Amino acid sequence: MSDVKIVGFVCRLCALISSDLGPPADVDIKIETVELPCAGKVDGRLLLEAFERGADAVFVAGCPEHECMNVKGSSRARKRLEHIKEILDQVGVGGERLIMYNVSGTHGPRFAHIARDMAGLLEKLGPSPLKARKA
Amino acid sequence: MIVAEIKPIEEIAESIKGAKKVLVAGCGGCVTVCLSGGQKETDILASALRMKMQVDGQPVQIETATYERQCDPEYVARFKEHLKDVDVVVSMACGVGVQFMAENYPNIIFVPGQNTKFAGAATEHGIWEERCMLCGECVLAKTGGVCPIIRCSKSLLNGPCGGSQGGKCEISKDTPCGWQLIYDRLKGQNRLELMTEILPAKDWSKNRDGGPRKIVREDVRL
Ligand code: SF4
Ligand code: SF4
């Protein structure tokens with residue numbers, strides 16, 4: 001699984017802090033993180049570009065919605081993800097490859113959970129259909 | 001503004017089938033304001049189309065360009081440099097922009113990326129509502145600034161009809177009765193006497209009966 005590419009757009013006010021620990025030792029995946037000032041800064045173009053550039057799965061990690069440091073950043077991110085998931089479904093990449101996580105800054109193990117979750121997801125879904133086509 | 005809505009990606013993909021190079025052309029005017037065809041949406045559509053064509057095993061080169069408008073010659077001219085070797089342009093403007101571009105570049109195939117819906121206003125961020133049907137002879141002076149042609153589901157000039165109940169139109173409980181809105185507005189302005197004035201049948205020849213409409217302003221012509 002080590003050749004899979006996972007890109008995470010990570011809010012620097014919460015999830016980035018807990019991502020310091022990185023994926024746990026038993027999870028053999030690399031996660032490329034992109035730091036955002038707020039999950040609400042995530043943009044449909046960024047998410048699609050990540051897939052175009054070879055990501056097999058993409059996640060966005062922001063504060064829990066009721067504790068978002070920018071009040072509505074996390075919920076806006078979730079709504080944008082919903083829209084982009086629809087597009088991914090329409091183009092045949094599959095919206096299930098895009099996931100939103102809500103992470104509190106004081107909860108380090110949560111990032112390990114995300115890494116395990118993403119690894120499991122990719123085991124189930126396999127590489128991005130874009131890659132399959134290229135091969 | 002003119003309000004439009006992006007077409008299903010499947011449909012757009014179908015219309016560019018077989019092309020080697022495609023330009024997705026955005027419009028910086030109305031459709032940017034209604035968040036459906038400006039630079040951002042143009043980039044998103046281009047990305048989605050590239051992925052779709054690749055997954056379908058028909059990869060195609062897709063680029064983007066966005067200028068202020070597609071309904072004015074000076075901006076339309078700017079697209080020229082992006083059209084080299086392009087087989088199909090997906091225009092993200094309203095139907096006016098698509099046609100005007102096609103008129104200016106007759107050798108290139110233009111297809112619409114959007115369904116052009118109506119002339120409307122953003123009543124909230126993320127909500128657009130129709131306000132005018134471009135009828136050619138505006139009656140707003142007589143109706144308290146509420147358009148009976150578009151806000152009354154039956155376009156009645158003298159209303160309300162028998163279906164108005166509790167301020168709602170009979171077509172749905174979510175649709176305000178246009179004539180109730182007119183009544184409320186006029187009442188608030190102490191101008192209810194306008195309700196007793198019978199509006200004569202409209203001169204629809206000013207709408208579409210005379211074929212495509214045209215306005216000429218000699219004072220600003222060059
Ligand atoms: S081309 Fe259409 S959408 Fe663009 S500015 Fe003109 S009227 Fe508005
Ligand atoms: S009366 Fe005609 S021009 Fe005036 S707002 Fe209604 S549809 Fe538009």
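A:Arg45 and B:Asp43 form a salt bridge, with the closest N and O atoms 3.0 Å apart; the term denotes a side-chain nitrogen of Lys or Arg within 4 Å of a carboxyl oxygen of Asp or Glu. The pair crosses between chains, from helix 2 (residues 44–52) of chain A to helix 3 (residues 39–55) of chain B. Helices are DSSP runs of H or I, at least four residues, numbered from the N terminus. A:Arg45 is partly exposed at 30% relative accessible area, and B:Asp43 is partly exposed at 22%. Here buried means under 20%, exposed over 50%, and partly exposed in between (1.4 Å probe, protein chains only).

The model is predicted: local features need pLDDT of at least 70 and side-chain atom pairs pLDDT 80 or more, whereas totals for chains, interfaces and linings use all residues. Residues are numbered from 1 along each chain, chains are lettered from A and ligands numbered from 1 in written order, and side-chain values use heavy atoms, without hydrogens and water.

Over all chains, the search finds 26 salt bridges. Within chain B, Lys17 of chain B (B:Lys17) pairs with B:Glu14 at 3.6 Å between the closest N and O atoms. B:Lys17 is partly exposed, at 48%. B:Asp219 pairs with B:Arg217 at 2.7 Å. B:Asp219 is exposed at 57%, while B:Arg217 is partly exposed at 47%. Shared partners join A:Asp43, A:Arg45, B:Lys40 and B:Asp43 into one salt-bridge network.

Methods: Helix = DSSP H or I, 4+ residues; strand = E, 2+ residues; numbered from the N terminus.
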